[in-house]
Amino acid sequence: MTLLDFAPQNAIERQILNAQTGAVPGDSVMLEIAAAELFIPSLQEVRQDGSGFRPVLLEQDDLAFVAAFTAIGRQPQDMAGYALRMTGRHFFLRLPPGYGVIFNPGYDAQMLLPPHGVAALQQDLRRAQSS
């Protein structure tokens, strides 16, 4: 599979590239992603109340990853007809146990957050919320 070149479109995407080179730790990038706006593809139209949302799931090593993008124009048109827009924080806190996230799938700067990483990030976000 040929990966698409990744020219950063915003600050969070520059941080993803920095994490890939080791210039910043991945954990700090995840916290920044939690504060950023994400675009999550949906196979069905998402209504105002959130119903109808059917995320795109990708599998790797027998794990399920929800696809998410860090800029609206990144989602390939043939992936899904719709996208849900929300902060990373709200997205992470709504993910059910057992799912990971793949950011910018199909690009050479994609990032994987496995299910145990999602669980740890959820704990960090909940802890920060109650402080």
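Predicted model: local features only at pLDDT ≥ 70, side-chain atom pairs only at ≥ 80, totals over all residues.
Visitor: What makes strands S2 and S3 a pair?

Guide: Two strands pair if at least two bridges are found between them, and four bridges join S2, residues 57-60, to S3, residues 63-68, so the two count as paired. The two strands run antiparallel. Among the residues that face each other, Gln60 stands opposite Leu63 in S3, and Glu59 stands opposite Ala64 in S3.

Visitor: What is found between S2 and S3 in their hairpin?

Guide: Two residues lie between the strands of this hairpin, and Asp61 there takes a positive phi near 50°. Asp62, which lies in the loop between S2 and S3, has a positive phi of about 65° although it is not a glycine.

Visitor: Why is Asp62 called exposed?

Guide: The word exposed is used for a relative accessible area over 50%, and Asp62 has a relative accessible area of 77%, so it is called exposed.

Visitor: Which other strand is joined to S3, and how do the two run, parallel or antiparallel?

Guide: Strand S5, residues 99-103, is joined to S3 by five bridges, and the two run parallel. Because a pair needs at least two bridges, S3 and S5 count as paired.

Visitor: Why are the buried residues of helix H1 said to line one face?

Guide: In H1, which spans residues 11-21, the buried residues are Ile12, Glu13, Gln15, Ile16 and Ala19. Seen down the axis of H1, these buried residues fall within an arc of 155°, and so they line one face of the helix. What covers the buried residues of H1 includes H2 and S6.

Visitor: What makes the buried residues of helix H2 line one face?

Guide: In H2 the buried residues are Val29, Met30, Ile33 and Ala34. They fall within an arc of 150° when the helix is viewed down its axis, and therefore they line one face of H2.

Visitor: What makes Arg89 partly exposed, and where does it lie?

Guide: Arg89 lies in helix H3. Its relative accessibility is 23%, which is not under the 20% needed for buried and not over the 50% needed for exposed, so Arg89 counts as partly exposed. Leaving aside its neighbours within four places in sequence, Arg89 is in contact with Ala34, Leu125 and Gln129. Between Arg89 and Leu121 the C-alpha to C-alpha distance is 9.3 Å, with the two 32 residues apart in sequence.

Visitor: Which residues of the lining are closest to the centre of the largest pocket, and how much space lies in that pocket?

Guide: About 260 Å³ of space lies in the largest pocket. Of the 16 residues that line the largest pocket, Phe53, Leu84, Met86, Phe91 and Arg94 are the closest to its centre. Strand S4 (82-87) and helix H3 (88-94) each supply at least two residues of this lining, which divides into eleven nonpolar, two polar and three charged residues.

Visitor: What lines the second largest pocket?

Guide: The second largest pocket, with a volume of about 170 Å³, is lined by residues including Gly26, Met30, Leu31, Leu113, Leu121 and Asp124. Helix H2 (26-35), strand S6 (111-113) and helix H4 (115-130) each supply at least two residues of the lining. This lining divides into seven nonpolar, two polar and two charged residues.

Terms used
Residues numbered from 1 in each chain as written. Heavy atoms only, no water. 1 Å grid on protein atoms, 1.4 Å probe; cavity = no way out; pocket = protein on both sides within 12 Å on 5 of 7 lines; lining within 4 Å. Points joined across faces, edges and corners; volume = space filled by probe spheres on them. Nonpolar A, V, L, I, M, F, W, Y, C, P; charged D, E, K, R; others polar. Buried < 20%, exposed > 50% of the residue type's maximum accessible area, 1.4 Å probe, protein only. Arc of directions from axis to C-beta. Contact = heavy atoms within 4.5 Å.
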